Amino acid sequence: MKKTRPSMDVSLFTSGKIVSGSICGKHADHTANDYLMVETMQDIRLIPLKPDVRKIYIEVTTDCNFNCVTCIRHSWTDSHCHMPWQTFESILESLVLLPELDTIHFGGFGEPMMHPHIFDMLKAVKNLGVKVEMISNGSYLTPDNIERLIALPLDTLFTSIDSPEADSYNDIRIGADFNNVTENVKAFQAAKHARKVTKPELGIEFVAMKQNFSQLPELIQMARKLEAAHIIVSNLLPYDASMTDEIVYDLEDKYVMFGKDSLKTTIFAQIANMKLRTERSCKFVDDHALCINHLGEISPCYALMHTYHCYIYGREKQITPCYIGNIADQTLPEIWMDPGYVNFRRTVQENKFPSCTDCKYQDGCTYTESNTMDCWGNSPSCADCLWARRIIACP
């Protein structure tokens with residue numbers, strides 16, 4: 001498999017072999033009846049090898065015109081560049097091979113509307129008959145771009161607004177202008193009203209931290225006035241040591257309640273967990289999703305797309321990406337049905353990995369310093385993942 005930089009490989013999860021046979025006479029249409037046979041401590045599993053990808057996140061660029069204090073760019077050395085058109089064409093050729101594909105999300109760790117061919121990309125994917133979403137910082141919602149998004153039509157546009165107040169927003173999203181972005185969003189909604197259309201639906205994303213969390217009820221009120229169809233509240237994942245004191249999850253309950261506005265807040269917004277819970281559930285595995293970065297590398301999730309460091313409850317952690325394959329070398333069905341990747345998804349779905357976040361041996365444990373391996377032998381390790389705890393959220 002092609003790798004443009006050091007990464008982990010889910011081949012370490014291949015503890016089984018591909019076998020042929022039928023289960024109750026039912027076969028996967030595309031593989032003639034291939035299964036991955038995995039021997040566990042309890043039993044032997046036969047996992048059908050099916051190209052049942054339902055959602056794909058495509059990172060068309062790692063460039064951005066903002067320099068937000070919450071951004072992963074403060075901790076990585078990866079290149080800032082656009083996805084080559086040839087790479088996108090390879091993706092496009094593979095998308096038609098996925099019979100259960102439902103949604104394409106243009107996002108990742110960059111501003112998609114900076115890509116010079118973003119509208120060609122959106123149109124090409126929209127022509128496949130799937131739902132198309134995009135996240136944007138809102139600065140490129142010019143009248144012409146708004147018209148083009150409506151004409152597609154894009155199904156959902158998520159816009160990041162981390163405060164309903166200009167000074168606070170500008171302090172968080174450095175290089176941005178609150179008035180410009182909010183006026184752009186208002187113009188976006190007004191253009192839809194003028195044409196009597198409901199798409200693209202508007203989604204608002206808010207990253208909660210100490211400096212803005214008290215403003216959440218006001219932000220939700222603002223989002224409702226803008227007639228946002230979706231309000232997603234995530235927590236901060238610090239990528240810089242200076243931001244570690246800004247986390248609000250696991251504070252006392254008084255910090256996560258809003259008096260008379262509490263009920264409205266929980267009703268109108270999709271809010272990430274504000275406490276560390278026992279339950280773990282991977283959105284990416286549950287949604288049958290995968291991620292493709294700007295160089296065509298395929299990863300299981302957002303967290304494993306790049307090289308960076310972050311802080312988990314104040315502990316510094318080095319993250320090494322995990323690439324299952326590159327779109328230039330293999331098709332998406334081939335990558336998705338790779339035995340190591342199939343077994344990796346099973347392992348994650350069944351929570352067959354430790355929980356570093358609340359482990360009593362956490363202090364002094366070297367496994368918590370990176371995600372390369374955990375004490376159960378998994379590589380990559382998901383044992384410290386705040387996405388699995390639903391503390392960090394994304395569309």
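Mentor: What follows goes through the aromatic pairs, then the charges over rings, a threonine and the cavity.

The model is a predicted one. In it, the count of aromatic pairs comes to 11. One of them joins Tyr249 and Tyr313 in an edge-to-face arrangement, with 5.4 Å from centre to centre and 85° between the planes. This pair links distant parts of the chain, since Tyr249 belongs to the loop between β9 (230–235) and α7 (262–268), while Tyr313 belongs to the loop between β13 (308–312) and β14 (315–319), 64 residues apart. Tyr249 has a relative accessible area of 2% and is therefore buried. Tyr313, at 27%, is partly exposed, because that class covers values between the limits of 20% and 50%.

A further pair is formed by Phe284 and Tyr302. Their ring centres lie 5.9 Å apart and their planes meet at 55°, so this pair is tilted. Phe284 lies in helix α8 (residues 283–286) and Tyr302 in the loop between β12 (297–299) and β13, so the pair ties together parts 18 residues apart in sequence. Both Phe284 and Tyr302 are buried. Together with Tyr57, Trp76 and Phe109, these two residues form one aromatic cluster.

Two aromatic rings have an arginine over the face. Arg148 lies over Phe119, at 4.1 Å from the ring centre, and Arg280 lies over Phe353, at 4.3 Å from the ring centre.

Thr357 lies in the segment after α10 (339–349). Its relative accessibility is 8%, so Thr357 counts as buried. With one of its contacts, Asp384, the side chain of Thr357 makes a side-chain polar contact of 3.1 Å.

The structure holds 1 cavity of 30 Å³ or more, and the largest cavity has a volume of about 720 Å³. Its lining comprises 33 residues, of which Phe109, Gly108, Ile135, Ser160 and Val207 lie nearest the centre. The strands β6 (131–136), β8 (201–208) and β9 each supply at least two residues of that lining.

Conventions. Residues numbered from 1 in each chain as written. Predicted model: local features only at pLDDT ≥ 70, side-chain atom pairs only at ≥ 80, totals over all residues. Heavy atoms only, no water. Helix = DSSP H or I, 4+ residues; strand = E, 2+ residues; numbered from the N terminus. Buried < 20%, exposed > 50% of the residue type's maximum accessible area, 1.4 Å probe, protein only. Polar contact = N/O pair within 3.5 Å; in protein donor to acceptor, adjacent residues only side chain to side chain. Phe/Tyr/Trp six-rings, centres within 6.5 Å; stacked < 30°, edge-to-face > 60°. Lys NZ or Arg CZ within 6 Å of the ring centre and 35° of its normal. 1 Å grid on protein atoms, 1.4 Å probe; cavity = no way out; pocket = protein on both sides within 12 Å on 5 of 7 lines; lining within 4 Å. Points joined across faces, edges and corners; volume = space filled by probe spheres on them.
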